[in-house]
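Morning, everyone. Let's take a brisk walk through one model. Please have the viewer open.

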Amino acid sequence: MTTTEIKTNDRTTAPAPTVRSNPATARLDFAKTAPKVFRAVIGLDAAAREGLDPTLVELVQIRASHLNRCAYCLHMHTTDARKAGESEDRLHMVAVWQEADHFFTDRERSALALTDAVTRIGDAGVPDEVYDRAAAHFGEEELAHLLALIFTINTWNRIALSTAKRAGTDER
């Protein structure tokens, strides 16, 4: 493997990502440039959260942000989780939830597994056992909302990464 490649899984390699020369500036202000689209994503986000435990919402958003390497969203959601009373121990363990499963309930672990599968959908789809495990912990409507939440945080991650949002600069 050359210094310009990184291992992406056991079978393939891809070019290493290029680091922006000036990461201090965002590429565009998505909310101002595409306000109708931005409001639609906010609406999806609000609808997805309905009926879900706020702690679970933050865990899912933190996990997807880890997987997508979105520092902006990771900072935002860990800050929100702390404000809501989440413990530092659990926040530190989200990235390694499979190895630190005793920090999370069975329900939370099933949501985190579903988050992993949906966020990495290109790797192997969403395996039946992952979906079935989540379905055992969530009713149909709640499961639909959980899936929508995962779709939404992946969209937010892509918006933040594509527009080069900087961690710690959210204005909420």
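Where is the place of His102? His102 sits in the loop between α5 (88-93) and α6 (106-119). Helices here are DSSP runs (H or I, at least four residues), numbered from the N terminus. His102 is exposed, at a relative accessible area of 64%. The cut-offs: buried is under 20%, exposed is over 50%, partly exposed is in between, with a 1.4 Å probe and protein chains only. Arg90 is 12 residues from His102 along the chain, and their C-alpha atoms are 9.9 Å apart.

Quick ground rules. This is a predicted model, so local features need pLDDT of at least 70 and side-chain atom pairs count only at pLDDT 80 or more, while totals for chains, interfaces and linings use all residues. Residues are numbered from 1 along each chain as its sequence is written, and side-chain values use heavy atoms, with hydrogens and water left out.

Now the helix packing. Take α3 (residues 54-67) and α4 (residues 71-83): their axes come within 9 Å and cross at roughly 155°. That makes α3 roughly antiparallel to α4. Axes are lines fitted to C-alpha atoms over the stretch in contact, with angles from 0 to 180 degrees between N-to-C directions. Under 35 degrees counts as roughly parallel, over 145 as roughly antiparallel, 65 to 115 as roughly perpendicular, and the rest as oblique.

Who touches whom? On the α3 side, Glu58, Gln61, Ile62, Ser65 and His66; on the α4 side, Cys73, Leu74, His77, Thr78, Asp80 and Ala81. Contact means heavy atoms within 4.5 Å. By class, that contact has 4 nonpolar, 5 polar and 2 charged residues. Ala, Val, Leu, Ile, Met, Phe, Trp, Tyr, Cys and Pro count as nonpolar; Asp, Glu, Lys and Arg as charged; the others, Gly among them, as polar.

Next, α4 against α9. Their axes come within 8 Å and cross at roughly 125°, so the two are oblique. Tyr72, Cys73 and His77 in α4 meet Ile153, Trp156, Asn157 and Ala160 in α9. The class count is 5 nonpolar, 2 polar and no charged residues.

Last item: aromatics. How many aromatic pairs does the structure hold? The count is 1. Phe38 and Trp156 have ring centres 5.3 Å apart and planes at 70°, so the pair is edge-to-face. Rings of Phe, Tyr and Trp (its six-membered ring) pair with centres within 6.5 Å; planes under 30 degrees apart are stacked, over 60 edge-to-face, the rest tilted. Phe38 is in α2 (residues 35-49) and Trp156 in α9 (residues 140-162), 118 residues apart. Phe38 is partly exposed at 23% relative accessible area; Trp156 is buried at 15%.
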